[in-house]
Amino acid sequence: MARQFSPRQALRSRLILLSAAPSLVCLLVTALTITWLVGDLQRDLAERVLRNTGTGLEQRIAELGGRMQGLAGLLGRDPRLVQALDADAPPDQEVLKRMVRKLRRAEPSIWAIHLEIRRPEQPVRRWGYVEGCDAPPDAPCDLPELPAVKGEAVLELPGQARAVIQLSAFLDQTAAERLAAAYAGAVVVIAAGEVRISTIEVPGGELGDWAPPWLREALAAERLATGRLRIEDRDWLARSTPVAGHGGGPRSAVLLLLPMKAGTVPVDETLAMIVPVVTVILALAMLCAAWAARRLAGMLADLAEALRGLGRGDLSVPIPAAPRDAPREVVELTDACILFWDASAERSRLLERLRCLANFYGLTGLPNRALLGDRLELAVAAAQRDRTGLAVLAMDLDHFKEVNDTLGHAAGDEVLRIVAGRLRGCLRGTDTLARIGGDEFVLVAPGLEGPEQLSAFAARLLAAMKESVEVAADHRFIGLSIGAAVLTPGQPDARPEALMQDADLALYQAKAEGGSCLRVFEPKMDERLRTRRALVADLRNAMARQELTILFQPQVSTATRRIKGAEALLRWYHPQRGMIGPDTFIPLAEETGLIVPIGAWVLAEACHVAFGWGGLNLAVNVSAMQVRQASFVATLEGALARSGLPPECLELEITEAAMLANTADTLGILSRLRSLGVRLAMDDFGTGYSSLATLQRFRFDKIKVDRSFVRHLASDARAVALLRAVIALGSALDVTTNAEGVEDEGQLSLLRAEGCEEAQGYLFGRPMSAADFRGQVMMQDVHAA
């Protein structure tokens with residue numbers, strides 16, 4: 001049955017029960033307490049009324065005795081009575097009768113009068129009259145053995161005689177009924193263990209079963225007692241008062257009976273008014289409590305429903321406002337629910353934000369590598385299930401590094417946002433474009449089965465990147481290299497990881513071929529990748545195996561052809577592959593970070609060799625990665641200190657790429673190098689687009705003209721003009737100019753004529769060992785001598 005109630009109804013019922021329960025308990029306790037208190041009060045009141053009534057009866061008897069004594073005294077002052085007594089003449093019986101009846105009008109309880117005269121040496125003479133007794137004077141009437149009250153007066157007569165006047169009052173039926181009526185009860189007179197007078201029906205004769213033990217004991221001990229008794233199926237409160245009998249007879253007792261409710265009628269009436277009022281008040285309190293509980297249950301049920309909704313993550317659930325007269329606790333609970341709603345909303349927002357951060361790049365809004373992996377797995381499974389094609393395109397931006405190096409990372413981020421927007425505009429509804437890091441993007445394109453479809457789709461992507469990108473008030477052309485891996489229909493063993501690897505290999509091939517093109521994966525690309533990985537693994541162990549060696553190429557003065565120094569060139573003699581050129585392994589070293597330990601080793605070895613050259617200059621190439629190392633200056637200082645080579649004999653050749661990244665940090669490192677006394681040369685000058693800006697930011701000691709300018713001097717007038725401009729620039733800046741790749745006398749003559757100060761190339765000597773270089777220097781000295 002309870003299951004049929006809704007949670008709201010169940011809560012309301014429980015609250016109503018809980019709120020009404022105290023009132024019900026209070027009502028029950030009040031009823032029990034009132035019953036107990038009333039019973040106890042009634043007993044106390046009845047006993048108090050009985051005591052007061054008994055005391056009143058005793059006082060009345062005492063007052064009666066006093067009146068009797070007073071009346072006897074009045075009789076003693078009656079002259080006629082005194083005269084009769086003194087004459088020793090008995091009063092007339094009629095006189096006594098009239099006297100008693102006259103006294104009875106004053107006190108109805110008076111029944112008898114007795115006169116007594118006592119003279120010395122004479123017998124006592126007595127006269128008397130008892131109401132209702134017509135016996136002659138010499139035959140006095142017997143008095144009843146009932147409780148009596150006497151009053152005496154003693155008269156002193158002449159001749160030492162004494163007269164005693166005695167009045168006697170007895171309790172008869174009439175007097176008993178008057179007493180019973182006066183006290184709203186009953187009177188029972190007991191004498192000699194028998195009931196003599198009773199205003200109610202009581203078994204006559206000796207005391208029967210109706211007399212309780214306490215009454216029997218009180219009568220026997222002739223003492224005052226109070227208790228309860230039952231006569232004829234009626235309960236009474238009783239008070240037994242002992243009274244002396246007549247003429248020295250046995251003592252009697254007046255038993256005053258009061259009903260059990262005696263004295264409690266006002267209490268009952270008061271309670272009759274109070275109890276309904278209290279009941280009504282409690283009933284109203286219960287109704288008010290039930291109403292308040294119903295209202296409170298409604299509030300709490302609404303809040304509970306809102307909290308359940310919030311627990312399910314439903315933020316559309318409204319939080320009901322607390323009424324103005326709502327309890328403070330409900331208001332606080334409502335405020336807490338509002339805070340919980342705010343916290344839940346913030347939690348949902350943060351969870352959504354975390355989900356986005358976990359699956360999307362905030363910069364471009366594209367899926368990241370983790371989400372790409374999930375979608376690629378789904379796409380591969382769908383293609384295998386539906387036997388359709390699938391293409392995975394790995395894309396990399398061309399010339400993006402130059403933007404980062406020249407314009408900063410903020411400009412690079414803007415380029416990424418623009419590129420992402422352009423690529424997103426080329427997508428179909430089923431495609432997934434993701435950015436997996438840096439300037440690398442991956443596109444999952446279901447349904448591309450044939451080469452024509454793939455080529456057309458790639459052409460649309462390449463076309464979107466042909467337009468220049470405006471960034472930092474500059475226009476840059478950012479190319480796009482694409483490598484694709486295709487899952488043909490019905491290919492059951494394809495793995496998402498393998499497709500990604502194949503697309504990366506194809507991308508590597510596209511970059512190697514100049515970029516801005518599409519290359520589709522072919523099995524032979526995997527062979528080239530394995531070869532590259534093997535070279536990287538061998539390069540890591542090349543120094544330990546002593547496979548790296550340093551050769552030296554002379555640098556000469558164009559005017560005198562004397563050797564001024566040499567450039568240290570690194571070579572790798574592989575045990576299986578033979579001589580591996582620097583154009584092959586230097587890029588690998590820079591990509592893997594091995595260029596840092598290799599470069600430190602070259603510096604240390606070259607400085608150690610150049611220490612014995614007698615002041616000739618040593619030129620060492622330094623990569624951009626080395627210059628950006630915070631420990632590079634310390635590495636250089638250690639190499640100079642260990643070799644003993646003077647700093648002014650060392651010349652560091654730095655490419656423009658080292659100047660483009662982290663310009664402020666790079667300039668700081670170069671300034672520290674110059675402060676050591678080391679000379680600095682800009683290598684491959686003219687191959688970049690910011691050479692002039694580089695010369696403006698930092699003063700170099702030498703400019704090395706790239707061999708591409710020297711190679712075409714004999715056949716290209718524009719090459720001569722460019723060379724002339726570079727040499728003139730160096731002369732204007734007071735910077736030494738060195739030309740690389742001089743191979744014949746004609747080139748040397750032209751360089752000398754244009755004012756180039758230094759040259760190096762095969763004309764003066766190929767790269768050689770340290771011993772051969774020292775030999776060539778010694779032969780030069782011999783010829784000069």
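This note covers aromatic pairs and charge-over-ring contacts in a predicted model.

1. Local features need pLDDT of at least 70 and side-chain atom pairs count only at pLDDT 80 or more, while totals for chains, interfaces and linings use all residues. Side-chain values use heavy atoms, with hydrogens and water left out, and residues are numbered from 1 along each chain as its sequence is written.

2. Rings of Phe, Tyr and Trp (its six-membered ring) pair if their centres lie within 6.5 Å; planes under 30 degrees apart are stacked, over 60 edge-to-face, and the rest tilted. This rule gives three aromatic pairs. Trp572 and Phe585 are edge-to-face, because their ring centres are 5.8 Å apart and their planes stand at 85 degrees. Trp572 belongs to strand S19 (residues 563-574) and Phe585 to helix H14 (residues 582-592), so the pair ties together parts 13 residues apart in sequence. Helices (H or I, at least four residues) and strands (E, at least two) are DSSP runs, numbered from the N terminus.

3. Buried means under 20% relative accessible area (1.4 Å probe, protein chains only). Trp572, at 0%, is buried, and Phe585, at 1%, is buried too.

4. Trp613 and Phe773 make a tilted pair, 4.6 Å centre to centre with 50 degrees between the planes. Trp613 is in the loop between helix H15 (595-610) and strand S21 (617-622), and Phe773 is in helix H24 (residues 770-784), 160 residues apart. Trp613 is buried at 8% and Phe773 at 0%. Phe552, Trp613 and Phe773 form one aromatic cluster.

5. A charge sits over a ring if NZ of Lys or CZ of Arg is within 6 Å of the ring centre and within 35 degrees of the ring normal. Arg428 has its charged end over the ring of Phe457, 5.5 Å from the centre. Arg766 lies over the face of Tyr762, 3.9 Å from the ring centre.

Methods: Buried < 20%, exposed > 50% of the residue type's maximum accessible area, 1.4 Å probe, protein only.
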